[in-house]
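Hi there,

Here is the structure I promised to pass on to you. Have a look at it first, and then read on for my notes.

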Amino acid sequence: MDLTSLYNHIKDKPVFIRKRLQEAQDNMESLRQGDLGWGETDLDGEEWNPDSSLDPSQPARIHYESYQDMAQMLFGPDPIIPVGLRPSMEIQNPSYDVNDPKFRQWEKVWVQSTEREKLLSCINNSNRHSPITQIVCIGLGIPQGEGEDEDDPEVEKRNYVQHLAVRDMAQELARLQNTDVRVFAQDPQYNEDDKTLLEKLSITIVNDPEAFLKIDESTFVVAICTSFPVRQVVADLFLERGTKGPAGIWGHFDPGSDDPASERVDTMMSNFVGIWTIGEGDEFWNYFGDSRFSWKRRDG
Ligand SMILES: C[S@@+](CC[C@H](N)C(=O)[O-])C[C@H]1O[C@@H](n2cnc3c(N)ncnc32)[C@H](O)[C@@H]1O
């Protein structure tokens with residue numbers, strides 16, 4: 001997709017700036033309180049009424065418009081709201097038993113895996129040059145899994161294993177640095193049971209867009225197989241800060257994914273060096289999809 005017209009339109013300004021994310025956060029709070037009298041800012045700074053299908057008694061979510069989608073809308077009739085509220089179509093994540101023995105079984109699989117060893121060796125890699133104070137996870141999915149899949153029995157463990165991997169990253173970093181490394185996770189599908197389960201792994205759930213707003217230069221970002229433009233949001237937040245990116249990223253690397261790239265994503269990623277790439281054929285591809293673990297370069 002040719003993004004030239006969009007780039008010409010926005011010039012060198014980042015789209016996903018803190019102010020837009022904070023506006024969505026405030027609007028979400030107003031909606032929760034039954035108030036629909038707020039506005040959403042479009043690409044050019046003009047204010048628009050909220051989506052008419054929003055209903056304060058129904059769940060809503062924050063929608064992030066990708067650069068690719070904004071380019072397509074550029075000459076259309078509708079305003080382009082880069083960060084706006086939409087009704088949530090997600091099916092409610094059901095309550096479950098957080099003491100279900102399956103979680104211990106899944107942990108056993110992870111703890112005994114060579115992939116865990118591989119991950120710990122990535123943490124010990126000498127390319128890591130600055131202290132990590134926190135890990136921010138975006139879209140790791142609901143930890144109890146999304147049901148069994150006859151074709152792929154590993155799929156149910158996948159989201160929980162991603163959370164276990166992050167827990168182990170934090171513990172290893174804390175051990176090496178002799179500091180505290182906190183872990184925050186954001187996924188609009190988390191429920192109260194997820195909160196209890198993840199607390200046991202010392203992972204704190206935050207609401208969208210808090211995770212994005214927390215990311216700074218000493219953060220490691222984990223966003224595996226996400227279905228919205230996480231990398232574009234992160235790249236713009238750092239463009240706004242005038243710095244080159246977080247300390248590390250574990251996430252997508254292919255340009256045509258559901259978390260699409262952009263020139264700015266490519267620029268940000270050029271400051272990173274990939275340490276571990278997981279792809280089809282790898283034993284843990286089932287758990288981590290097409291993803292890459294990268295540290296920011298020493299000079300990045
Ligand atoms: C394709 S799933 C990936 C789940 C898991 N990481 C995996 O590899 O299978 C995408 C996840 O992103 C989550 N998501 C969607 N919008 C989000 C947002 N604004 N912030 C964080 N997570 C979000 C979805 O709820 C879903 O769990």
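The C-alpha centres of domain 1 and domain 2 lie 26 Å apart. Please keep in mind that this is a predicted model. The domain assignment puts residues 4–87 in domain 1 and residues 102–296 in domain 2.

Let me stay with the place where the two domains meet. Domain 1 brings 14 residues to the contact, and domain 2 brings 15. On the side of domain 1 that touches domain 2, at least two residues come from each of α2 (18–32), β3 (60–64) and α3 (67–73). Helix α2 gives the most to that side, with four residues. Sorted by class, this side of domain 1 holds nine nonpolar, three polar and two charged residues.

Now for the chain as a whole. You will find eleven helices and eleven strands in it. The chain has a radius of gyration of 19 Å, close to the 19 Å that the globule rule gives for 300 residues, so it is as compact as a globular protein of that length. Along the principal axes, its C-alpha atoms fill a box of roughly 55 × 45 × 40 Å.

Seven strands make up an open sheet with mixed pairing, and their order is β7-β6-β5-β8-β9-β11-β10. At its edges are β7 (203–205) and β10 (272–278), each of which pairs on one side only. On average, and with direction ignored, neighbouring strands of this sheet are turned by 20° against each other.

Which strands does α6 lie across? Helix α6 lies across β5 (134–138), β6 (182–186), β7 and β8 (219–223), and the helix runs at about 170° to β5.

Helix α6 turns up again at the ligand. With three residues, α6 (residues 158–177) gives the most to the shell around the ligand. There are 19 residues around the ligand, and those that come nearest are Gly139, Gly141, Asp187, Gln189 and Cys225. By class, the shell is made up of seven nonpolar, nine polar and three charged residues.

As a reminder, most residues other than glycine have a negative phi, and most peptide bonds are trans. Asn178 has a positive phi of about 60°, although it is not a glycine. You will find Asn178 in the loop between α6 and β6. The other spot is the peptide bond that joins Asp208 and Pro209, which is cis, with omega at about 5°. Pro209 lies in the loop between β7 and α8 (210–214).

Happy browsing, and write back whenever you like.

Best wishes

How values were computed
Residues are numbered from 1 along each chain as its sequence is written. This is a predicted model: local features need pLDDT of at least 70, side-chain atom pairs count only at pLDDT 80 or more; totals for chains, interfaces and linings use all residues. A residue is near a molecule or strand if its C-beta atom, placed from the backbone, lies within 6 Å of it. Ala, Val, Leu, Ile, Met, Phe, Trp, Tyr, Cys and Pro count as nonpolar, Asp, Glu, Lys and Arg as charged, and the others, Gly among them, as polar. Domain bounds come from an automatic or database domain assignment. Two residues are in contact if their C-beta atoms, placed from the backbone, lie within 7 Å. Two strands pair if DSSP finds at least two bridges between them. Axes are lines fitted to C-alpha atoms, for helices over the stretch in contact, and angles run from 0 to 180 degrees between N-to-C directions. The radius of gyration is taken over C-alpha atoms; the globule rule is 2.2 Å times the number of residues to the power 0.38.
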